[in-house]
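Visitor: I would like a close look at a single part of this protein. Please take me through it step by step.

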Amino acid sequence: MTITGAALTVIGSIAYVSDSPNISLAGVFYGVPVLLGGLALKSSELPPADKLEAEPGAQELGSLPAAEALRKLFKDVTRWRYGQKAHLETSLQALRLWDDEAPPELIAVRELARNGGYGLSLQFRTGGVPLERWQDRCERLGRFFAPGLVAEIHPSGADGFELLLLPLPDSPPSEP
């Protein structure tokens with residue numbers, strides 16, 4: 001979008017200088033807004049989280065109806081977003097795991113096959129939210145994203161951790 005707007009603007013400007021009003025009118029009136037829109041989107045884009053290799057059997061379990069909520073979560077964090085500071089922004093705000101100055105950053109996501117069901121591993125940088133606050137809300141995290149899930153938090157490095165969203169161990173295996 002940005003390249004198209006820039007090209008139309010340049011063509012329109014050259015046409016204006018060379019006294020070709022039909023081309024310059026379209027180039028300037030369409031090129032400048034398209035260029036500005038493209039620049040606005042580019043400045044507010046959020047790249048998708050890295051997709052790590054799925055565990056064997058995870059994708060098959062992810063296609064079951066019981067895994068719909070986590071499948072939607074996986075698709076949401078692995079696509080380009082616009083106008084947000086970080087992935088899962090509204091969810092983390094609702095869970096009170098948000099810091100406006102330094103929000104938690106989702107780095108990578110991995111599909112898991114655990115306890116006979118579908119799960120996700122989300123790797124975060126803590127940002128301005130201390131790991132202790134995440135651990136305090138660990139019980140609520142699983143329930144928040146879908147019923148029948150449990151959350152586990154494993155620290156990784158000085159400023160990171162892995163959040164596992166897993167099916168409850170005592171829940172029966174999902175039927176195809």
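Which exposed residues does the face of helix 7 turned away from its buried side carry?

Guide: A caution before the answer: this is a predicted model. The residues you ask for are Glu139 and Arg143. Both are exposed, and both sit on the face of helix 7 turned away from its buried side.

Now the other face. Helix 7 covers residues 138–145. Its buried residues are Cys138, Leu141, Gly142 and Phe145. Look down the axis of helix 7: these buried residues fall within an arc of 95°, so they line one face of the helix. The spacing follows a general rule. An α-helix has 3.6 residues a turn, so residues three or four places apart point the same way.

What lies over that buried face? Several elements contribute to the cover of the buried residues. Among them are three helices: helix 4 (68–77), helix 5 (89–94) and helix 6 (131–136). Strand 6 (149–155) and strand 7 (160–167) are also included.

Take strand 7 next. Of its 8 residues, 7 are buried, so strand 7 is largely enclosed by the rest of the structure. Strands 6 and 7 form a hairpin, with 4 residues between them. In the turn, Gly157 has a positive phi of about 80°.

Back to the helices in the cover, which include helix 5 and helix 6. The loop between helix 5 and strand 4 (105–114) holds Trp98. Why is Trp98 classed as buried? Its relative accessibility is 13%, and the class of buried residues takes in those under 20%. Leaving aside neighbours within four places in sequence, Trp98 is in contact with residues including Glu89, Leu92, Gln93 and Arg133. Its other contacts include Lys85, Ala86, Pro103, Pro104 and Val129. Thr126 is 28 residues from Trp98 along the chain, yet their C-alpha atoms are separated by 9.7 Å.

To recap helix 7: Cys138, Leu141, Gly142 and Phe145 are buried, while Glu139 and Arg143 are exposed on the face turned away.

Methods. Residues numbered from 1 in each chain as written. Predicted model: local features only at pLDDT ≥ 70, side-chain atom pairs only at ≥ 80, totals over all residues. Heavy atoms only, no water. Buried < 20%, exposed > 50% of the residue type's maximum accessible area, 1.4 Å probe, protein only. Helix = DSSP H or I, 4+ residues; strand = E, 2+ residues; numbered from the N terminus. Arc of directions from axis to C-beta. Contact = heavy atoms within 4.5 Å. Pairing = 2+ DSSP bridges.
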